[in-house]
Amino acid sequence: MTPILIPRGGTKSLYASSALATIPVATGIAAAVGTLAYIHQAYIFSLSYGVSMLCIGTAVLSTAPASVFLKVHASLVAAYGARLFAFLFWRQKLQPGYDGETRLKALDKTPRLQRTPIIISTAIFYALMSSPLLFHSQSAPLLGAAGVFSGAGSALAIAGLVYETVADQQKSFFKMALRRDGKPDELFTGGLYSSSRHANYFGEMVFWLGSFLAGTPAIFAAGVSLQVRILRSIASGLGLAGIWFIMLSATKRLEAKHAERYRPSAVYDKYFTSSNALLPRLGFT
């Protein structure tokens, strides 16, 4: 393996980390986890998503050099995956009144063996999403201004993770209360959703933007060739653009669905004008 040049402070563990932190290896991890889709097709975008990020983050963390910024970054990706898996498993399997199994079976539209292409393609996408962490691992430790920039990205990721976690729980507890009281389903407009109609999506977008920024200095690290910088930029950009596109598309679909279901309604119109689809609206009355 060709040694990776770093400004200073390199350690032997860096080489083990660099060997691990590659997109093909991350793809392999995500593909192995993606086999959950053979049980239920929808798992590829839910439980497999969470476990993939947990495993990739943990793998990098376990071989990380003595770099605080890298450890924080890897811990955040692992925590994101663990939180997502725990939440989805709780909602699908343990949440009172939520018939997750029926919903999952309704999405099993593709024969099991024919799910292999989506498992592989999604695994590649998950590797691209995590690529800023992988490149960070290859170029750690980030020093000086690069380290500060990486730390700021991690801080943004923390904010996104907390925001999404709170949003998911607020909405779930509201839906649970409706089912417990025998009430019909209705739109949740409280908590974080009072200013952002799709607060959980917003939190997810912020998290991955933060992870992208935390790994950006690795693109310009000393000893990285122009060709590698271009490839790292493309991979990181595709991962971020992909998840943002998915979140924006999902937001657009839900906006249309809500408008069809709740309009005409003065209550919904008031909520619509006092909130934003994603970016929290501040200062409204």
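Visitor: Is Ser 274 buried or exposed?
Guide: Ser 274 counts as buried, because its relative accessibility is 14%. Buried means under 20% relative accessible area, exposed over 50%, partly exposed in between (1.4 Å probe, protein chains only). One caution: this is a predicted model, where local features need pLDDT of at least 70, side-chain atom pairs count only at pLDDT 80 or more, and totals for chains, interfaces and linings use all residues. Residues are numbered from 1 along each chain as its sequence is written, and side-chain values use heavy atoms, leaving out hydrogens and water.

Visitor: Where is Ser 274 found?
Guide: In the segment after α10 (266-273). Helices are DSSP runs (H or I, at least four residues), numbered from the N terminus.

Visitor: What lies 3.0 Å from a polar atom of the Ser 274 side chain?
Guide: The backbone oxygen of Lys 270.

Visitor: New topic. Which helix has the lowest confidence?
Guide: Helix α1 (residues 12-20), at a mean pLDDT of 42. The highest is α8, at 97. pLDDT is the predictor's confidence in each residue, from 0 to 100.

Visitor: And what about the chain as a whole?
Guide: The average pLDDT is 90, and 91% of the residues score at least 70.

Visitor: Where does pLDDT stay under 50?
Guide: Over residues 1-20. Where pLDDT is low, the predicted coordinates should not be read in detail.

Conventions: Helices (H or I, at least four residues) and strands (E, at least two) are DSSP runs, numbered from the N terminus. A polar contact is a pair of N or O atoms within 3.5 Å; within protein, one must be able to donate a hydrogen and the other to accept it, and residues adjacent in sequence count only if both atoms are side-chain atoms. Contact means heavy atoms within 4.5 Å.
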